[in-house]
Amino acid sequence: MKLGFLTACLPKQSLENLVVWAKSIGFEMLEVACWPVKNTRDYSGTTLDVANLTKDEAERIKKLFEQNNMQISSLAYYDNNLHPDLVIRKSYHDHLKKVIDAAELLGVKYVGTFVGRNYNKTIKENFDEFEIVFKEILEYAKSKNVSIIIENCPMPGWNPDGGWMGTISYSPELWEEMFSRLDYDNFGLNLDPSHLYWLGIDPVSVIKDFKDKIFHVHAKDTQVFKDKLNKFSIFGSQIQRKNAWDMGYWAYRMPGRGEIDWKAFLKELKQNGYSFVVSIEHEDPEYEGTEEKVKEGLKLGFEYLKGILNEI
């Protein structure tokens with residue numbers, strides 16, 4: 001397994017600078033952020049402007065990575081593909097197709113996104129809608145020799161009722177439904193254990209059953225505050241939230257600073273045949289605020305995970 005990170009945490013850095021810095025630390029892959037230049041998403045970035053990518057620029061980027069013995073693990077664009085506003089939804093789909101086009105130009109196999117949710121409809125109705133929407137997306141990606149990977153974040157801030165279900169793809173039950181409805185070879189998971197942990201799911205337990213659908217892996221840790229959980233319940237704070245994303249009883253951490261058993265998780269991945277990237281998604285609030293703090297957090301995560309990979 002190779003270590004990488006999602007570039008959205010350093011949105012002001014050029015791709016060239018990120019490649020050089022990442023290599024100096026020991027990273028071997030980058031998960032490149034490809035949100036639109038103008039967007040309001042948190043933890044997003046435009047390391048690569050896919051809307052204006054040319055063949056010549058793609059060749060230059062490929063050479064940049066080759067010369068530094070680095071690889072692009074995936075192109076990242078995570079938004080609500082089932083958004084209830086059809087105009088907004090179409091804008092997301094149009095951009096996602098541009099990301100897929102960019103992946104083809106760059107020879108990148110994976111494009112990451114969310115399923116999302118139309119919160120005006122039931123889960124059953126959402127899956128009916130998902131089947132129509134993602135069939136088109138997967139067929140388009142297949143025509144470009146690209147695979148779509150779904151990160152399993154519940155996106156609680158998308159739910160107007162203050163719960164955690166902003167997408168319909170956060171649990172093994174929902175993955176089973178997702179893959180049974182659309183059984184495509186180019187459709188899999190960007191497995192992130194951090195979300196599973198605060199949802200009460202053992203991250204190690206899902207690997208064997210979904211080993212053939214784990215295409216890409218995120219590395220983000222989670223700390224659960226038991227006293228807050230006792231106060232707010234698993235549904236999180238409803239009155240005292242600081243913002244739509246603040247559930248009050250857990251926080252994301254850099255790998256090794258939370259409660260996930262990374263040795264067991266990575267060992268189980270290895271034993272079930274996974275050998276691709278472990279990509280740090282930096283959302284630890286204690287290592288944010290400046291680029292220096294972000295880089296400090298990434299170094300910390302790299303050193304911790306590298307030590308475990310060397311052990312297993």
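Mentor: Axes here are lines fitted to C-alpha atoms, for helices over the stretch in contact, with angles running from 0 to 180 degrees between N-to-C directions. Helices (H or I, at least four residues) and strands (E, at least two) are DSSP runs, numbered from the N terminus. This is a predicted model: local features need pLDDT of at least 70, side-chain atom pairs count only at pLDDT 80 or more, and totals for chains, interfaces and linings use all residues. Residues are numbered from 1 along each chain as its sequence is written, and side-chain values use heavy atoms, with hydrogens and water left out.

Trainee: At roughly what angle do the axes of H8 and H9 cross?

Mentor: Two packed helices are described by the angle between their axes and the distance between the axes. For H8 (residues 262-271) and H9 (residues 291-311), the axes cross at roughly 55° and come within 10 Å. H8 and H9 are therefore oblique to each other (under 35 degrees is roughly parallel, over 145 roughly antiparallel, 65 to 115 roughly perpendicular, and the rest oblique).

Trainee: Which residues in H8 and H9 meet?

Mentor: Contact means heavy atoms within 4.5 Å. On the H8 side you have Trp262, Lys263 and Leu266, meeting Tyr304, Leu305, Ile308, Leu309 and Glu311 in H9.

Trainee: Okay, now the core. Which residues have the most contacts inside the largest nonpolar core?

Mentor: A nonpolar core is a set of buried Ala, Val, Leu, Ile, Met, Phe, Trp, Tyr and Cys residues joined through side-chain atoms within 4.5 Å. Buried means under 20% relative accessible area, exposed over 50%, partly exposed in between (1.4 Å probe, protein chains only). The largest core has 103 residues, and Phe5, Leu75 and Phe187 have the most contacts inside it. Leaving out residues up to four places away in sequence, Leu75 touches, among others, Val32, Cys34, Leu48 and Val99.

Trainee: Is Leu199 buried or exposed?

Mentor: Leu199 is buried, at 18% relative accessible area, and sits in the loop between helix H6 (193-198) and strand E7 (214-219). Beyond four places in sequence, Leu199 touches Pro154, Trp164 and Tyr170.

Trainee: And what is the phi of Asn69 near?

Mentor: Most residues other than glycine have a negative phi, and most peptide bonds are trans. Asn69 has a positive phi, near 55°. Asn69 is in the loop between helix H2 (55-67) and strand E3 (71-76), and counts as exposed at 66% relative accessibility. Ser233 also isn't a glycine, yet its phi is positive at about 80°; Ser233 is partly exposed, at 33%.
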